[in-house]
Amino acid sequence: LTSLNLSNPFDPMSDDDGAGLMRGLEQNGSLRHVDLTGNMLGQKFAWELRTVLLTNTSLETLKLDCNQINDDAVFFVAEALSKNKRSRVTRFSAANNLIDHVGFGALMEVCNKDHCILRYIDLQGNRISRCSSGAVTASISRTTSLEVLNIAQNRVSDITEIGLGLYLNRSLQELVCYENNIADDTMTWFAMWGKDKSNLARTKLRNLDLRGNKIGDQAALHLVMGLRRRKFNRVLNRLDISDNLADPLLVQAVAVFMDPTRPYKYNKMQAEKLVKQKRAEDKKYWKERDWEALQRKRKEALDEAVRRLNSRTEDEVELEVIVGATLASRIPVVKHVASIAQQLRYGVKPNWLLQKELIAQQKQRAAMDIAYRKSLIKGINN
């Protein structure tokens, strides 16, 4: 028996049944390919699988897609692969499971071992949120066997550690990261990648898939900066950043750099034209935005000045109340008699005299306020 296929999404195997299956295969020395896709395998199964992998020297392919494999289960598998120096496993697939960054880091640490011969790792459709600090960079840079790494359809927002590992990597040929959450400020490593021309010339990366992320103009410009050294790296033949947030001109510039049918100098010239056009459009856009903001600010100031001119202040309302006194109080004889009577009785100024003084003050303040508003309107119109 060299191949075992028990993938069954319609009648899935339970975790206990999977553990029993692994106990039965513990002494098997001929099995090369195992496919257990579409079951309900979890930690119990992984613990028994660990026992098998600690001594097995024939298994080459292990496919555990669409199960209930979590970080703990992956840790058991990674531990066995790390300890078994005679392991022959070259392909490991655990797509559409429950693996997060801890399990991803554990698998990457396996690749850091000298005896590891893993060539293909597929963790598509899991819950990986980030790269484990340090472990991924060291493993990617030291591995001599890993050729394909698929972390598509996860939650990864930053692949800087993978990118830094690519500086020294000599084996990875395909990096698939589509439909993640890769942010706009996480591609600086690509712009720096290749400053050492000898390292760039020895890389074997052929395919970098970044579709469906959150890559914007900043990341696209970093990619263009890195591709300017493409004459030292003719191995990379596919770099896809479609379905992102980057400007179409920058996406086209990246595609022009990847065109293998034209000379490098021509591609570089066309890409730089597109980048220059993009920057000119940005400059025009922001200039228009500044002009619109200035016009909007002037209009708001004009509206405010007109509103203040047309609205009555509290002083003006008080002035109107005072001016609207009875006619008898405005007759000079009545005012004089009232003044004498007020002074004789209370020894203070009469109300009408106080009102007269107040009216004079309010008129002066209102005139100054109206003149100030008119000067505002005149200055805005000019």
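The model is a predicted one, in which local features need pLDDT of at least 70 and side-chain atom pairs count only at pLDDT 80 or more, while totals for chains, interfaces and linings use all residues. Residues are numbered from 1 along each chain as its sequence is written, and side-chain values use heavy atoms, with hydrogens and water left out.

Let me turn to the chain as a whole. There are 14 helices and 9 strands in the chain; helices (H or I, at least four residues) and strands (E, at least two) are DSSP runs, numbered from the N terminus. Among the 382 residues of the chain, 43% count as buried. Of the contacts in the chain with a separation of 6 or more, 85% come from residues 24 or more positions apart, a contact being heavy atoms within 4.5 Å.

Next, helix H3. With 13 residues (71-83) at 1.5 Å a residue, H3 should span 18 Å, and its end C-alpha atoms are 18 Å apart, which agrees; the expected span is 1.5 Å times one less than the number of residues. The buried residues of H3 include Asp71, Val74, Phe76 and Leu81. What do the buried residues of H3 pack against? They pack against helix H2 (43-55), strand E4 (91-93) and helix H4 (101-111). At the N-terminal end of H3, Asn70 provides a cap, with a side-chain oxygen 3.3 Å from the backbone nitrogen of Asp72.

I come now to the aromatic rings. Rings of Phe, Tyr and Trp (its six-membered ring) pair if their centres lie within 6.5 Å, with planes under 30 degrees apart counted as stacked, over 60 as edge-to-face and the rest as tilted. By this rule there are 2 aromatic pairs. The ring centres of Trp47 and Phe76 are 5.2 Å apart and the planes stand at 80°, so this pair is edge-to-face. Because Trp47 lies in helix H2 and Phe76 in helix H3, the pair ties together parts that are 29 residues apart in sequence. Trp47 counts as partly exposed at 40% relative accessibility, and Phe76 counts as buried at 17%. Trp189 and Phe190 also form an edge-to-face pair, at 5.6 Å centre to centre and 75° between the planes.

Charged groups also sit over rings, a case that requires NZ of Lys or CZ of Arg within 6 Å of the ring centre and within 35 degrees of the ring normal. Arg50 lies over the face of Trp47, 4.7 Å from the ring centre. Likewise, the charged end of Arg211 sits over the ring of Tyr178, at 4.7 Å from its centre.

Finally, two loop residues. Cys66, in the loop between E3 and H3, has a positive phi near 55° although it is a residue other than glycine. Glu179 is not a glycine either, and its phi is positive at about 55°; Glu179 is placed in the loop between strand E7 (174-176) and helix H7 (188-192). Cys66 is partly exposed, with a relative accessible area of 35%, and Glu179 is partly exposed, with 42%.

Terms used
Buried < 20%, exposed > 50% of the residue type's maximum accessible area, 1.4 Å probe, protein only. Polar contact = N/O pair within 3.5 Å; in protein donor to acceptor, adjacent residues only side chain to side chain.
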